[in-house]
Amino acid sequence: MRVMKFGGTSVQSPEMMRQVAQIVMTASAGTSVAVVVSAMSGVTDHLEKVARLASTGDDSYQQLQKEIEKKHLQCVSELLPVNNQSATLAAIKMLLNELDDVLQGLFLLKELTPKSRDFVMSFGERFSSHIITEYFKCLNVDAVLGDCRQLILTDNGFGNAAVQFEETYRRISEFFAKSKGKLVVLPGFIGATANRETTTLGRGGSDYTAAIVAAALRAELLEIWTDVDGMMTADPRKVKSTIPLRQLSYIEALELSHFGAKVLYPPSVQPVLAQNIPLKIRNTFHPDREGTLITRRTEDNGLPIKGISSIDAVALLSLNGSGMVGVTGFASRLFGSLATGRINIILITQASSEHSITVAITPQDAPLAKQLIEAEFSRELQSGQLDPVKVELEQSILAIVGENMKNTPNLAGRLFSSLGKNGINVRAIAQGSSEHNISLVTGGADCQKALNVIHEAFFLSEIKVLNLFLTGTGTVGSTLLRQMGEQIPKIRAEHNVDIRITGIANSRKMHFSEAGIDVAQWQQLLDKGEKMDIAHFDSRMKTLNLRNSILVDCTAGDVVPQLYEGALNRGISVVTPNKVACSGPYDKYRQLKGMAARRGVKFLFETNVGAGLPIIKTLNDLVQSGDKIIRIEAVLSGTLNFVFNEFTQGTLFSDVVRKAKELGYSEPDPRLDLSGVDVARKILILAREAGAKLESKDVERGNLLPESSQIAPTVEEFFGVLHSFNGRFEVARRKVESEGKRQRYVAVYEEGSAWTGLKSFGPEHPFYQVEGNDNMVLFTTERYKARPLIVKGAGAGAEVTAAGVFADIIRIANF
């Protein structure tokens, strides 16, 4: 059994209710499911307001009531098929009539009691649960609507009623036993007393309802579906560099939610904690995202704290005086007086001298709390043993939370040092002996600043670990491993980045080590590794699920690129010189880029064009800064440029091509270069990065090779055929040389089209000066119209290509 709770934003519209149904039906394919729903977004606030207006004799409540009515009737009309609407509309109208009767009574009596307020507030969940149940039925799902007022027994603490768990669990178990095989839908937030008086479980009580149901049924999982991806290291509205929390312990979740993490309602953790039921927070708007899993055990993410939480507005009440020192029962009297007013204490701190005690409460409770304390200690206050009760408003509480805190020396020093250096004054401090939490109070105006300072101190200053999964150990891959072996110690020491090769594979073998593979021993370890299986490689990468993971694809084929989408979706960045993905179908290329953006990871392929040259980065900078690309002219094949620079009098064309292969400038099969396929891929990628929606077939490609050489079965046979055409290439060379020009194989993108071909250029053109295996790209843009922006340098070879891949990895480290 899985219990799934959907919040107000998850059921805020017919469209979202359809999304909820899809999520539920997918989940129910493998297990029994119970659904708990909140009121449609905004409805609870409207109900509270309409009750308040009616009870004050303000007849404007009727207009707001009509808006509530319209919202729900319109939802039924848009969600359900026409032939299924009448019964549901009638049922909703009956509920609306019941609400109308209550509001008229409030209007006439001009009185709003906690009891009547709870009854009015119950309608939001009753509306939404009825509508979505009927929608499930329209989808041929055997759904049944339960009434939590008949299942959850509470006391008469209206507004925040206490649950009578033993009887509640018995009722829920009996109801589900009778509903076996059906999809049960329940309204959250509400219960009832033994006298059948409707109660509410407090704001956020739908989470509590779901937890109660999960505990009663001993469910395998409780899912809280909301509008965020889970719990974060801090409030993303206040701290921009937050990190999603993949897993928390119950204790950590309780601490974070108690101190203001709005994603989770604190009491909801308690019932599932008692039954050891996992709780997962998911995003209804992005159901593919992993969310936050909450279990009994925490996940060691290598950091001393899991998150920072805050409560924006609190009031501090302080009691000071010599009359407190050594007096037995003083704290008991203080807390007892507050309990009589049902005042919740958020934080407590007391000086070891026993001269003062401070509590933090909500600002709304401050006047009553002050009154209760003054009444309880009236004698001591009158005699001067105690100073007058001090109330400080506009304060904020911040808390750092994590089970690893107890194992981290100097954590408190680091916390307060970072605050002190930034001029933030701490008004009060509290830490339990469990060391799961350090709480502090600052002025409200300093709250956001303090959050950012703490987050930077604990999440951004530690050494960042990158876990690489490297495929392909050929010329580029092996060179990259050598370069990393030489640079990793320096990068760690100077830049606080620890690069670990966690997985490595070639076409024959693969090897994994979560602690990191010794780069100096990679060849020996790989030779002893297990047989390469691409599906198993992907599974291991997924199972290890390490932070800051990067898939580095140094292969040239189309097998590993099939892993990109899944890797990006799991939050794994991708770095590759492999052009297959970005030069393949346009929709796939856009899908990969979009997936990376949505998941907040990187898909970097700078070395697809120009090896280590910053060609794609330069193009991206131009486009993203608002420049318009008019024309791209490029010598993009270091191989072909090398060939035509080396092809001089006294040399054979086929020998120069072989030399390029031996030096590692060409692809393993030089025909990819000589046919223009590789250049066509590169200009296609640049065109797409410039905004063009082009397919590979749209690139007009000039082929240097005769037909017979293209169909040669092997590379060696290709060279044999190519040798027979040396004379034809020599004639062309002499003609160009006699004109004082040089041959260049170029690629051009302009006005939405792209082509490649062999052209000759005189000394007046920049391409005439391109030497060796260099690449050159000319960007003509609105800003660089008179003189193009030129990127030039070595564009082929294992060293520069590996260096470019390495640079992309470092870019992710600095991301």
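## A tour of the salt bridges

Select Asp498 to begin: this residue counts as buried, at 10% relative accessibility (buried is under 20% relative accessible area, exposed over 50%, and partly exposed in between, using a 1.4 Å probe and protein chains only). Its partner is Arg500, and the two side chains meet in a salt bridge with an N to O distance of 3.1 Å. Here a salt bridge is a side-chain nitrogen of Lys or Arg within 4 Å of a carboxyl oxygen of Asp or Glu. Arg500 is partly exposed, with a relative accessible area of 25%.

Before moving on, note that this is a predicted model, where local features need pLDDT of at least 70 and side-chain atom pairs count only at pLDDT 80 or more, while totals for chains, interfaces and linings use all residues. Residues are numbered from 1 along each chain as its sequence is written, and side-chain values use heavy atoms, leaving out hydrogens and water.

Now pick Lys5 and Asp207, a salt bridge whose closest N and O atoms are 2.8 Å apart. This pair links distant parts of the chain, 202 residues apart: Lys5 sits in strand 1 (residues 2–6) and Asp207 in helix 9 (residues 205–217). Helices (H or I, at least four residues) and strands (E, at least two) are DSSP runs numbered from the N terminus. Lys5 is buried at 8%, and Asp207 is buried at 5%.

Next, show Arg631 and Glu750, whose side chains form a salt bridge at 2.3 Å, N to O. Arg631 belongs to strand 24 (residues 629–635) and Glu750 to strand 26 (residues 742–750), so the pair ties together parts 119 residues apart in sequence.

Finally, select Glu167, Arg170, Arg171 and Glu174, which are linked in a salt-bridge network.
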